[in-house]
Amino acid sequence: MARGGCEVTERPNRHADICTGCGARLQTENADKPGYVPAAALDREPVICQRCFRIRHYNEAASVAVDQDDFLRLLAGIAQTDSLVVHIVDLFDFEGSLISGLQRFVGANPVLLVVNKVDLLPKGTNLNRLRNWVQQQAKQQGLRIVDVIMCSAMRGIGFERVVQALEQHRRHRDVYVVGATNVGKSTLINRLIRDYSDLDSELTVSRYPGTTLDAIRIPLDDGKAVIDTPGIVYPNRLTELVPRRVLQALLPEKPIKPLVYQLNERQTLFIGALARFDFVQGERQSFTLYLSNALKVHRTKLERADELYAEHAGEMLAPPSKAELAEMPAWTRHSLQAPKGKKSDVFISGLGWIQVNGTSGAKLDVYAPKGVKVLIRDALI
């Protein structure tokens, strides 16, 4: 992948409420949406959004998010190009961050799957086995991938392998980088900006035809570019439903230390007031929780679970606080059956997963905020 210089494309500011850098409609309410500008900066000439400002002055791409409909229109446009598509997913929230139906939207373009945040898994985890697991899961989702790269954008682990894969599969084409929010996409893009653009130059910011979405272009020497797209918001992830304060507790920043519980049937685990796990029926066995160590787990008997939640949700069972709980959806129950003969995971999107270590089967109930994806899968670890 050749090192490239950068240019900036200006647009005349025909309307005072339009960013001159990317064309997004300016707004002062939500920093996570396109076109955000602090109210104090509205008097500047020219008026540009905070995202463009940070790109121009700090060579740093901020993450912005769009809803599913806008994102699907964007993906449909990629299908009509000759490009390499890089799909970044979060290993800690694999099913929640995988873009459903991506293959039919990108058409014949090859897909490189970059699996981020491997640094969060316990030390000594077998990365080759993880890679095989990811390939199997991607195949089940109908995704035809040219390669799987395991990395940590935050720690720089595997980043050289990402660059090598781009060089190998790009073949003088543009590269579109797609992913959900909070998967580390902007961190990876910023590494590319730092390594493959001139710090004293500015990046091109362009819009997709027919939309108000802006994309960051990192030009390459052969006239092609790495193109960053806004992150897609999937409301079935717990990370999209909790307040910002709670989000910090949900997203681990260092390797997690698994929590192991030996449970008899009719015992319950509360993960703060975010989720509840009931071991309804089965032989005594152990369960391993893979989630942020900033979250507290409380064990009780199943017959006391409803009473305990009613009395202590938002206090002893926290986060979220009582006030924050009032702003979140009510819980929905998911009845699951862990299969016999193999280990499996109970996956809760945005929170983590609970590994069922026994192979004798188990009847389980999981309570999570309405809309959050909950499922049984083959064990990741």
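Which residue in strand 13 does Gln262 stand opposite? The first view has the reply, and a few ground rules come before it. This is a predicted model, so local features need pLDDT of at least 70 and side-chain atom pairs count only at pLDDT 80 or more, while totals for chains, interfaces and linings use all residues. Residues are numbered from 1 along each chain as its sequence is written, and side-chain values use heavy atoms, with hydrogens and water left out.

**View 1. An open sheet of 5 strands, in the order 10-13-17-16-19.**
Pairing here is antiparallel; two strands pair if DSSP finds at least two bridges between them. Strands are DSSP runs of E with at least two residues, helices are runs of H or I with at least four, and both are numbered from the N terminus. Strand 10 (259-263) and strand 19 (374-378) sit at the edges with a single partner strand each, so one side of each has no neighbour in the sheet. On average, neighbouring strands are turned by 25° against each other, direction ignored (axes are lines fitted to C-alpha atoms, and angles run from 0 to 180 degrees between N-to-C directions). Strand 10 is joined to strand 13 (residues 285-291) by 5 bridges, and Gln262 stands opposite Ser286 there.

**View 2. The largest cavity, with about 50 Å³ of space.**
A cavity is a set of points on a 1 Å grid over the protein atoms alone where a 1.4 Å probe fits but cannot get out, and lining residues have an atom within 4 Å of a point. Its volume is the space filled by probe spheres set on the points, which are joined across faces, edges and corners. Strand 2 (83-90), helix 6 (159-170) and helix 7 (185-196) each give two or more residues to the lining, and helix 7 gives the most, with 3. The lining has 8 nonpolar residues, no polar and no charged, Val86 and Leu192 among them. Nonpolar covers Ala, Val, Leu, Ile, Met, Phe, Trp, Tyr, Cys and Pro; Asp, Glu, Lys and Arg are charged, and the others, Gly among them, polar.

**View 3. The second largest cavity, at about 40 Å³.**

**View 4. Asp228 in strand 8 (residues 225-228).**
Asp228 has 3% relative accessibility, so it counts as buried (under 20% relative accessible area with a 1.4 Å probe, protein chains only). Its side chain makes a polar contact with the side chain of Lys185, at 2.7 Å. Such a contact is a pair of N or O atoms within 3.5 Å, one able to donate a hydrogen and the other to accept it; residues adjacent in sequence count only if both atoms are side-chain atoms.

Terms used:
On a 1 Å grid over the protein atoms alone, a cavity is a set of points where a 1.4 Å probe fits but cannot get out, and a pocket is an open set with protein on both sides within 12 Å along at least five of seven lines; lining residues have an atom within 4 Å of a point. Buried means under 20% relative accessible area, exposed over 50%, partly exposed in between (1.4 Å probe, protein chains only).
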